[in-house]
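Work through the exercises below with the sequence and the model side by side, and try each task before reading its solution.

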Amino acid sequence: MQEHILSILIFFPALAAMLGFVVHKDSAKAYGVTVAAIEFFLSLWLWKIYDPAGSGMQFQELAPLISQFGINYFVGVDGISLFIIILATFFTMVGIASLTETRRLKDLIITLLFLEMTMVGVFAALDAIIFYVFWELSLVPMLYIIGAWGGPLRIYASIKFFLYTFTGSLLMLVGMLFMAFLHYKHGGVWSFSILDWQAMNLPVNYQMWLFGAFFFGFAIKVPMFPFHTWLPYAHGQAPTIGSVILAAILLKMGTYAFVRFSLPMFPDASVLFMFPIAVLAIIMIVYTAMVAYAQEDIKQVVAYSSVSHMGVIILGIFALNVEGITGSIFLMIAHGVVSGALFLLVGVIYDRRHTKLMSEFGGLASVMPRYATIFGIMMMASVGMPLTINFVGEFLSLLGFYKQSHAFTLVAGTAIIVGAIYMLAAYKKMFFGTVTKEENKHLKDINRTELMGLIPLVILAIWLGVYPKPILEPIDKSVKELVVLMHEKARTVEAQKRIPDLTKSAQEVH
Amino acid sequence: MEIYLYIALFAPLVGSLFSALFGASPKTKVTGIVASGLLFVSFVSSSILLSYVLGGHTVHVEMMTWMATGDLYIPFGFVVDQVSVVMMMVVTIVSTVVHVYSIGYMDHDKGFNRFFSYLSAFVFSMMVLVMSDNFLGLFIGWEGVGLCSWLLIGFWYHKESATWAANEAFIMNRIADLAMLVGIFMLYWNLGSLQYDVVFANITTLPVVVITWIGIFLFIGAMGKSAQFPLHTWLADAMEGPTPVSALIHAATMVTAGVYLVVRANPIYSEIPNMGLFIASLGAFVALFAASMALVNRDMKRIIAYSTLSQLGYMFVAAGLGAYWVALFHLMAHAFFKALLFLGAGNVMHAMHDELDPFKMGGLRKVMKGTFIMMTLASVALAGIYPFAGFFSKDLILEVAFVDHHYIIYSVLLFTAMLTAFYSFRLVALIFHGEERYKLFGIHPHEAYKFMLIAMAPLLVLAIIAGAFKGSYYQLVTSLLPSGEYHVHSIATYWIMTIGTQLLVLAAIAFAYKKYSSWSSVPDGTSALEQSFGYKLLANQYYIPWFYEEVFSKTYRKLSHCLWKEIDLKIVDAMVDGIAGVVYKTGEKTHKIQNGNLSDMLRWMVIGLVILMLFAVGFSVLAMFAQAQVEFVRIYIGELVLGIGLVLVAVSVLLVTYHAASIRKTGKGR
Amino acid sequence: MFEAIAFYLFAALTISMFTITVMTQQALYALSAMAAGMIFISAFFFILGADFLGAVQIIVYTGAVMALYAFGMMFFDTTRTVVEKRTNPRFVIVLATLAALLTVLVVIVPIIAVDMPAQLPIDPSAGNSQAVGMVLFTKYLVPFELAAVMLLVAMVAGIVLAGKKMDKSLTLMAEEEIELMQTAQYTPVAHEEVH
Amino acid sequence: MEITLTHYLVLSTILFVIGLIGIMRRKNLLLLFFATEILLNAVNIALAAISHYRGDYTGQMFAFFIIAIAASEVAVGLGLLIVWYKRTGRIDLDQMTSMRG
């Protein structure tokens, strides 16, 4: 079973979803929770049997699909993808467990389980075609979730979401095909294996074009400024569960792909485009944080804040050193936990009042103290309070990028200021002051179902902030391999300078 | 000894978590008692550690790894050495007193349990801050106290002003924290470690420019936490919090964290003397600046807050001039008498039903004898009268400035000392002497609980006798900090200086008493003094908060609104929608081509054929050029292809439009 | 000299015949002009030494194709003048010229520029028909057979398509019957014509 | 006064133009067929000429096959035309709009 653990992880939810059609609709939720829990424990088991000392991809599985074009079913995990997979299974479980939706619940759960398959698939795929297939497939369930269970503008939002991300990924597909062709030209055989591609040594101008092609696909997914506008609509219209999954996992696909594709395949281009991307990331951080401050809808605040944090992740990735990349991968997980939790929290109040306008609230701290407390903890995690999960990631990302540019880091560091501004302002508007609206006076505090989803997230947010080592170590190991590979492949002097030579520094120490 | 270290550190955390368990439940005295008890335990452990450190040892533990990646390795490490143990003592003493006091002060408050949870959490953060053995650990505490400060300033969250002040404090501190983070980044990338011992051992290997930048960034961090100009406005607004909070956080401990940082990082600042001079000058400026604002203020707590600011200025003068032990000593002494002053003010507030204007009080010494004595003595200590604590610490700073030949700083500080004496006794005189103006407002003041007064007693004692520890303190800390006896060489000068200062201060006190002890009316803003420009300037805090609000807050608000409405929605998003719209409209417009008329289709076919062949010919011509090895064509082949392609597209578009026009014409004709 | 005169003569004739074919309003004129044009084209083939092709041209085009057209036209009302589309003639001419020039360019330039070697060099010793036969039955055997099959299929298709309802004759049927038949078979067109 | 390949190609082009003009202006389906025949013949001339001037039979072969294809096209096309005429009584292109997009 161990050697097929990844296939089981990918296809178990899909299988369960298909079986779900015959489950009676009253027991659908129990069924969904059970399946998601089993999947989550399977992923935990994957972590347990994952060998932190081992190098490269583990639990590789390879089955030929179209062998003359080198397309294989090829999956595997390393420290980078392992935790995002666990995060995905975790959030599906938490999401289903805390579902309060009543309309067509069974369909929703089945959709979510399909979505889980695609998410795990994306992060486990080592073949570009498999990766692409899961990447695109993930759009479909999300399209349904937004389009079927969303708010009044759901059709517009879901179509915008779909077309926007789809357009980006088409460019990515072109890039992939060209990569495979280059591999064919170079070595005489077609290959879509990511590992083969990482071993290819491309001329700098090829790297630049390919980097650009991949960049659009990833950047729209992240979403980077100025491709971010689909996100507020999607979040604004999506049901709570949709927003949670979207923010926690789907956005990570973009940043993960940067680490998996762009960095190891095009190290020179990464160095070359580092500063333009850093500028975009900084605009993303500051600009979206300011836009978040102007929002009137609490969900939009969280949506824009998640864009802002994604900027820090991007910055960390393009630090191109171990500290920065490790930090940004950790921040992906942290951001997943925190923004997922924040969206769940917004869902809680939306269920009660059916509005997300902050002006409708005020003084909730006295009516719903538990809710206010959890929201406060998560808000503090979001603004990067030390000993919460976000701080570790943000600190390492910024620390890493400081090596590349001092001034940019200083500007990007305003994230911690502007982040505090919009979050505190929003918190003040919602929770502080006196209760002015009659409807708010008798709001029920958070109930058990909701706590079930939120308490684990709170624990996670603090536990990983205090003791990030179990996660940080495997990530660090894989990232080191990545950086070594990048340094070896770097052709330009600039790239060799910017990407640290780990082998040399290791020798110096010993 | 490690066990005591852990007890001292974690007892407050346990207290906080214990109280947090009852956070949403109705008030129980238990939380207050347990939290205070645990703090006392922490205090005892600190004392044991102090005696251990006095024996010449230090304790250094590494609890566990926090972050480790790449070359970065940051543990949760704690160190109890001569400097941190002093801070630990100050923190635990003041916080124990404040905790016990708060049991009485917060007696009638609904958020009693919550309050103790926050307050103990603050103490824990502060302990982390002072005990950490690396810069990032310090940063944890640094942010932790910021968080607790936010929680406690906004404790009465239903008050708009309180939550506003809380946010202001947090955000201003964040600005400074960013600089501090950058300083930490610089340390890491230059030295590869954030441990104090490693950093301080290797700091001299760096170029001076780098050290200067590190020093600047770390100091900006310190400026935020210690509310130095221009990041000072939050401190006065922070007085919205409950008074014990002001005593503990905004007088005794948190605001002195900046001074602690500079003292702790003394090996860095010793390398850059110019920076030190700048710090000292800024400190002197802030001392005077804050004292001037305290002169006219009509809010009891704000007056004391400005006084705190002013004293922080003193500490920075000492630290900037390299007299780190003096700075730390003043920090300690100041913590005692300023906390006492605040707690006394808290008693008065309680008695006066949260009235803060001293002009509406008067004559309270009859009903609040204990408080009156304590506040008077605290003010005496603050003014620096012999033999109270302030005399030993504050006059020492004056001496330092004098001995180092910084006469401008010296005279500024001397003048400030007079102002300090004046505003302190203006406050005392207005509150406790003169007519009982409160009767106009129908208030019936009463003395605070006995145990609150008893709780304050240790502070009173320390405020009086702290100066006596100077010798042993000096012995203790100079084993870690640069030593330096600051004695005026000539005995005569020394005596003239000391006695002169005392006389000036006494004169200021006398003036204050004379002017305010028989005050009889409540000023209503019509007197000539209140109309004068100088008064208005001071009363409005030099219009700096107004300036910040108008220039920064409003701009930020407007800018962000504009970014959202004008740029995000109207440009970025509209661009995307525009592209989609163009595609859609093109489809709408051109679907007429598919009118099913075979004849038209044939014509389109010919047009398409022409366009495609134009492309083919264009490309082959280019290929020919490339083959002919025309250098520029080879270089600009991409651009050429693009250009010719564009021209071809333009031609085809022209053709299409022309044709479409002709189709429309025939359509009309039909 | 003789060759030049022949070329220009036939060129002029062909062009004028085909112009008539394209421009005339009478279907019968068009048919006749085209038949003539086809014969003149075969003249070029003879000039170029492709005797066999010339013969095939005359036989197939002027014989078979034109006969087919002539028979086909018997079904239609050919006496009516043909109504043309009202389009900008200048545009049509420009477009047609451009297309023709480009086609020629695309096809010819590589042949001339690259100087492709002859794949099946003309053998002067053998006569044209003989040589064509040799090539046709060796290298192009399969295409040739395929072409034969295709012709057969086309013939069958032509018969089947044209021969449907041969038993009914529109000329002999009464108006109502035709009407009935037409509406029953094809109503949508009649409706769409209204718009 | 040598007749070169260029002469033939120009002739072929002119005939092709005529054919294209026919295609674009004819509305009567039958006459449209005529125009396509002209196009095919124009190409045939070019092929035969190239074959001659380059001493290569390939051109002639292609012309031959083109003739064959033209013949079958006429057979099928006329059959279809007759069916259409039977249905509608007209063979105008304008009425064939069932492929409207």
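A residue is called buried if 20 or more other C-beta atoms lie within 10 Å of its own, exposed if 12 or fewer do, and partly exposed in between, with C-beta atoms placed from the backbone. Helices are DSSP runs of H or I with at least four residues, numbered from the N terminus. This is a predicted model, in which local features need pLDDT of at least 70 and side-chain atom pairs count only at pLDDT 80 or more, while totals for chains, interfaces and linings use all residues. Residues are numbered from 1 along each chain as its sequence is written, and chains are lettered from A and ligands numbered from 1 in the order in which they are written.

**Exercise 1.** Find the buried residues of helix α19 of chain A and describe where they lie around the axis.

Solution. First, α19(A) spans residues 406–413, and its buried residues are A:T409, A:A412 and A:G413. Next, these residues cover an arc of only 100° around the axis (taken from the directions from the helix axis to the C-beta atoms), which means that they sit on the same side of α19(A). Finally, they pack against α13, α14, α18 and α20 of chain A, together with α6 of chain B.

**Exercise 2.** Decide whether A:Y427 is buried or exposed, and list what it touches.

Solution. Begin by placing A:Y427 in helix α20 of chain A. A:Y427 is buried, because 25 other C-beta atoms lie within 10 Å. Leaving out residues up to four places away in sequence, A:Y427 touches A:G376 and A:M379, where contact requires C-beta atoms, placed from the backbone, within 7 Å.

Conventions. Helices (H or I, at least four residues) and strands (E, at least two) are DSSP runs, numbered from the N terminus. Two residues are in contact if their C-beta atoms, placed from the backbone, lie within 7 Å.
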